[in-house]
Amino acid sequence: MGEEVLQGEIIHDIADASLEIILRFDDEGKILYGNSLAQEELGYGNDWQMLGLEKVFPELHLENESFPLDAAQKMTEGMMYRKNGTCFPVRMKVKGSGGQNLLFAINVAKRVETERKLVRMKEEMEETMKVRNEFVANVTHELRTPVNGIRGHVTNLLENGVTGDVKNTLDIIIRCCDNMSAIINNILDFSKLEAGKFVIEQKEFNFYKMVNHTVETNIPAINAKGLRIMVNIDKTIPEYLIGDELRLTQILNNFLSNAVKFTSVGYINIEVTKTVQFDDEIELFFVVSDTGIGISPEEKDKLFKSFSQVDASITRKYGGTGLGLAITKQLIELMQGSVHLDSEKGKGSSFSFSVRLNMAQKSKEEHTVGEQFEFINQDQEMPGFDNVEKFFQFGTPENVQEIKGKMEKLILCMEVDAWDKAENFAHNIKELLEQAPKDLKRAAFRLEMNVRKGDHDKSVEQYDNLRIMFEEAIGGI
Ligand code: ADP
């Protein structure tokens with residue numbers, strides 16, 4: 001007998017420590033016991049006085065006039081009523097056997113409220129997104145019209161044979177219009193991607209032509225900066241693939257045009273290899289590397305986020321919205337790929353990414369890699385990041401070649417009065433001669449000063465002076 005009492009006490013202690021409301025009731029539905037939490041939540045204290053279960057659960061009483069146990073056993077959720085008439089939602093379970101029935105319940109008011117809030121927030125967010133996307137679509141459309149108008153009129157003026165300063169100004173307006181169009185397109189793409197409304201097309205295209213065309217569009221900028229480009233494509237990649245040519249071009253072009261934008265000395269290299277082929281599905285791995293300004297580890301983290309440029313001064317110097325890489329990353333992910341960056345500040349960057357495409361029927365029949373393209377498969381070695389230093393070590397073949405290249409560009413720009421570009425080349429030359437003997441360094445500095453002033457005669461004089469000194473110096477190495 002004493003042992004039974006002890007057991008009863010232990011069970012009550014356990015029940016009191018429970019995070020659930022526990023009620024024990026007899027076969028008639030009369031409550032015999034409630035644990036601490038039940039006493040607290042329902043407001044009856046420890047004084048149940050054979051209270052009927054239907055007082056706590058009126059729903060039970062309504063559903064089943066006679067006996068509540070069967071009905072209670074079927075219920076998993078319900079409203080529990082307090083002594084003062086207020087109620088709260090619960091999740092519950094009823095176990096019964098031989099006159100000893102137990103009800104376990106958890107107050108889920110907070111969870112229900114949170115869920116309701118979440119649903120409301122989701123609806124509000126969806127509505128905001130919808131309004132925002134419509135707004136972006138309308139605004140970008142409205143912006144495109146005047147930009148195209150300006151560009152068209154300026155093109156007409158240029159075709160009428162304007163020269164000198166006016167032509168320079170009009171060229172700048174055209175460039176601004178093109179930048180503006182690119183920004184408008186980026187904002188529209190970004191908004192669509194964010195709304196999950198972006199659809200990747202599946203159409204047949206010639207892969208080699210696509211790469212060649214993308215490089216071709218960047219050649220004027222590459223040449224203007226006196227850079228070199230190498231493109232190597234693994235020849236086992238089929239000529240015709242199925243995928244979204246336009247978006248793949250956009251991805252490759254973003255990496256390539258950034259490489260051009262952020263490199264002033266050296267090379268840009270594109271490598272494409274086939275990493276996986278499973279039936280018709282192919283995974284391609286692209287690497288776009290450059291010997292440009294590079295990106296530090298802290299800056300890397302910000303890179304693929306929207307509207308982020310690693311440093312505010314970048315915007316002023318190079319332009320852009322910082323949307324390019326955020327869009328590119330999402331497009332790559334839509335093509336079941338991923339993107340990676342390997343870079344060292346001051347030594348260059350190497351962006352790599354993979355995408356999945358399908359092999360086209362045509363490729364299976366023809367088994368050709370097609371005609372050779374101008375920029376593809378130039379099997380030259382691209383220097384690694386460690387070799388980039390050689391550009392700046394005075395007298396190395398890399399250094400001499402770079403200086404000669406930049407000098408050729410510089411004199412051309414001076415002769416056509418392109419002083420902005422000339423200043424960039426004069427600055428590059430000064431940097432490339434940083435480790436040269438003092439008098440050569442000084443000559444490079446004077447040349448940059450004169451070019452900056454746009455003084456043609458003095459610049460040519462300094463140019464000749466530097467050229468002679470440079471040839472003497474390298475002759476002696
Ligand atoms: P944006 O449209 O402004 O060029 P991106 O998203 O394409 O924006 O690039 C974001 C930033 O990443 C650039 O402003 C630049 O700071 C950095 N970046 C991208 N590519 C390179 C690169 N090849 N070398 C150095 N910095 C780069």
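How far apart are the end C-alpha atoms of helix α8, and what should its 18 residues span? Keep that in mind as you open the viewer.

Before you click, note that this is a predicted model, in which local features need pLDDT of at least 70, side-chain atom pairs count only at pLDDT 80 or more, and totals for chains, interfaces and linings use all residues. Residues are numbered from 1 along each chain as its sequence is written, and side-chain values use heavy atoms, with hydrogens and water left out.

**Stop 1: helix α8**

Select residues 207-224, which make up helix α8. Helices here are DSSP runs of H or I with at least four residues, strands are runs of E with at least two, and both are numbered from the N terminus. At 1.5 Å a residue, α8 should span 26 Å, and its end C-alpha atoms are 27 Å apart, which agrees. The expected span is 1.5 Å times one less than the number of residues in the helix.

Now look at the start of α8. A side-chain oxygen of Asn206 comes to within 3.1 Å of the backbone nitrogen of Tyr208. This is a polar contact, meaning a pair of N or O atoms within 3.5 Å; within protein, one must be able to donate a hydrogen and the other to accept it, and residues adjacent in sequence count only if both atoms are side-chain atoms.

Move along to Asn218, where α8 has a kink of about 45 degrees, shortly before the proline Pro220. The bend at a residue is the angle between axes fitted to the seven residues ending there and the seven starting there. After α8 comes Gly226, with a positive phi near 65 degrees.

Which residues of α8 are buried? Among them are Phe207, Tyr208, Met210, Val211 and Ile222. Buried means under 20% relative accessible area, exposed means over 50%, and partly exposed is in between (1.4 Å probe, protein chains only). To see what covers the buried residues of α8, show elements including β6 (203-206), α9 (245-261) and β9 (267-278).

**Stop 2: salt bridges**

Side chains of opposite charge can pair when their charged atoms come close. A salt bridge here is a side-chain nitrogen of Lys or Arg within 4 Å of a carboxyl oxygen of Asp or Glu. How many salt bridges does a search of the whole structure find? The search finds 17.

Select Arg228 and Glu402, whose side chains meet in a salt bridge at 2.3 Å, N to O. This pair links distant parts of the chain, with Arg228 in strand β7 (residues 228-233) and Glu402 in helix α15 (residues 397-415), 174 residues apart. Arg228 is partly exposed at 25% relative accessibility, and Glu402 is buried at 2%.

Next, pick Glu283 and Arg356, another salt bridge, with the closest N and O atoms 3.5 Å apart. Glu283 is in strand β10 (residues 281-290) and Arg356 in strand β12 (residues 348-359), so this pair ties together parts that are 73 residues apart in sequence. Glu283 counts as buried because its relative accessibility is 15%, while Arg356 is partly exposed at 27%.

Then show Arg452 and Glu423, which meet in a salt bridge at 3.3 Å, N to O. Arg452 sits in helix α17 and Glu423 in helix α16 (residues 419-432), 29 residues apart.

**Stop 3: along helix α17**

Stay in helix α17 (residues 438-453) and select Asn450. Is Asn450 buried or exposed? At 9% relative accessibility, Asn450 counts as buried. Setting aside neighbours within four places in sequence, Asn450 is in contact with Asp455, Lys458, Ser459 and Gln462, where contact means heavy atoms within 4.5 Å.

Met449 is also in helix α17, and this residue is partly exposed at 27%.

**Stop 4: Thr140 and a cysteine**

Jump to Thr140 in helix α6 (residues 109-159). Thr140 is buried at 4% relative accessibility. A polar atom of the Thr140 side chain lies 3.1 Å from the backbone oxygen of Ala137. Beyond neighbours within four places in sequence, Thr140 is in contact with Ile184, Ile187 and Leu188.

Finish with disulfides, each a pair of cysteine sulfur atoms within 2.5 Å. The count comes to 0. Cys177 is in no disulfide, and the nearest cysteine sulfur, that of Cys176, is 7.0 Å away. Cys177 counts as buried, at 6% relative accessibility.
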